Amino acid sequence: MSKGHILIIDDEDQLRKLMSRLLALEGYTMLEAANIRSAMKILDKEDVQVVLSDVKLPDGNGVEQVQTIRSKHPQTEVIVLTAFGNIADGVQAIKNGAFDYITKGDDNNRILPLVSKAMDKAVLQFRIRDLEKKLGGKYSFDSILGNSPEINNAIALARKVSLSDMTVLLLGETGSGKEVFAQAIHQGSSRSQAPFVAVNCSAFGKDILESELFGHVAGSFTGAVKDKKGFFEEARGGTIFLDEIGEMAVELQAKMLRVLEAQEFYKVGESKPTKTDVRIIAATNRNLEKEINDGHFRSDLFYRLSAFQIVLPSLNERRKDIPVLASWFIEQVAPKLNKRISGMTPAFLDALQRHSWKGNIRELKNIIERAAILTDTDTLDTSSLPFDFQQGLGEPSTMRLADVEKHHIARVLAHVKGNKTKAAELLDIGLTTLYNKIKEYNISVE
Ligand SMILES: Nc1ncnc2c1ncn2[C@@H]1O[C@H](COP(=O)(O)OP(=O)(O)OP(=O)(O)O)[C@@H](O)[C@H]1O
């Protein structure tokens, strides 16, 4: 049985094939792409657990692409293949959401365990996704965790609006819980027995989004062989959650306005309107007022949507909630990994409290899951945190290049069992420079 799907993105045929063969021998099913465009197509079609991506690609940069892959396919883990000595790329890739990075030339003893860890994590995430899909809208107000006044205010507003049929606009940074709130509002409403359909507007191209939302009739465009129901029809009687509405093309925004005003829409290729009975909850992490000024968002749609706005606090604004959220995620993930994890060390919690959470609760959840997968003990400690947490690099202002360099040199030295000539070769620096750095950083060479 396959251990999972891995996609390699590299335009150098030989390197790609070599890596592909190595991993196929380990039991993975391998997919290959020579550029970003074809890679994204594969990701849209297949469940790919791990992506290994080169940095310099013919149609873009692999480090920058990490964010796009992770936002469209949050269950998929990305490992970036960096060039010799280019630690900055690796560090940036991790900041962009990569699982880790591999330096070209790293040997199999580093590559294979790393890929296997990324695979474990991704498989788990896919399992959770499938479970969540089966459970449908599973969040209720009671399952929204946190006790800070900031989150309590948001919950109180959402509870009130859930009883009505009003359109709601949820504003908040990525991962701050907008979809969770949308589900809770649905669950708390009179529509709770009908479907909750979540649509991520940024995951579809402009034309595709229209036919996904409203459906199409056969023959309306090349490839439309059969009639297709859109999300609005699927959500009939229930709630549709339009995530990242700020990404919607302006032409489509006009059509959305029509749905809000007239409760009807046109299927692609059909001239008679279809009536709809769906509550709309929209969300965005963009500043829509700015988007309006820049001509990217229609003000009439904004006013329609924003009749009832709820602003969700970022995790950095409610750090008080970190211990309870972290403990809850540990409790949830441990049984799924067949592990007994009783909690976390004070240093671990301290590192979480000091981190700058750009990905908010989603990032916290990922960090806990990652630590739970990596830990060999029953208490999560800082050794299972990513490198930037351990080094206090979470805050960009405190990120010290020297720490990154020290860590990397120490890692390479350990890797070559202290052989300095080999290490200098791998690091692509002179032996004297290496000696100077060992002294400067006080690196112990065993
Ligand atoms: N208050 C909460 N209690 C428990 N889990 C939460 C809470 N808020 C968010 N989560 C978890 O955090 C993750 C991210 O939440 P969600 O998808 O709702 O964020 P989002 O704001 O919609 O993100 P994006 O803007 O990227 O779509 C989810 O896995 C969810 O389970």
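Predicted model: local features only at pLDDT ≥ 70, side-chain atom pairs only at ≥ 80, totals over all residues.
1. Basis. Local features here need pLDDT of at least 70, side-chain atom pairs count only at pLDDT 80 or more, and totals for chains, interfaces and linings use all residues. Residues are numbered from 1 along each chain as its sequence is written, and side-chain values use heavy atoms, with hydrogens and water left out.

2. Five strands form an open sheet in the order 9-10-13-8-14, with parallel pairing (two strands pair if DSSP finds at least two bridges between them; strands are DSSP runs of E, at least two residues, and helices runs of H or I, at least four, numbered from the N terminus). Strand 9 (196-200) and strand 14 are the edges; each has a single partner strand, so one side of each lacks a neighbour in the sheet. Neighbouring strands are turned by 20° against each other on average, direction ignored (axes are lines fitted to C-alpha atoms, for helices over the stretch in contact; angles run from 0 to 180 degrees between N-to-C directions).

3. Strand 8 pairing. Strand 8 runs parallel to strand 13 (residues 279-284), joined by four bridges; V168 has I281 as its bridge partner there. Three bridges join strand 8 to strand 14 (residues 309-311), also parallel, and L170 is partnered by I310.

4. Strand 8 faces. In strand 8 (residues 168-171), V168 and L170 on one side and L169 and L171 on the other are all buried (under 20% relative accessible area, 1.4 Å probe, protein chains only; exposed is over 50%, partly exposed in between).

5. Helix 6. Helix 6 (residues 149-162) lies across strands 8, 13 and 14, at about 155° to strand 14 (contact means heavy atoms within 4.5 Å).
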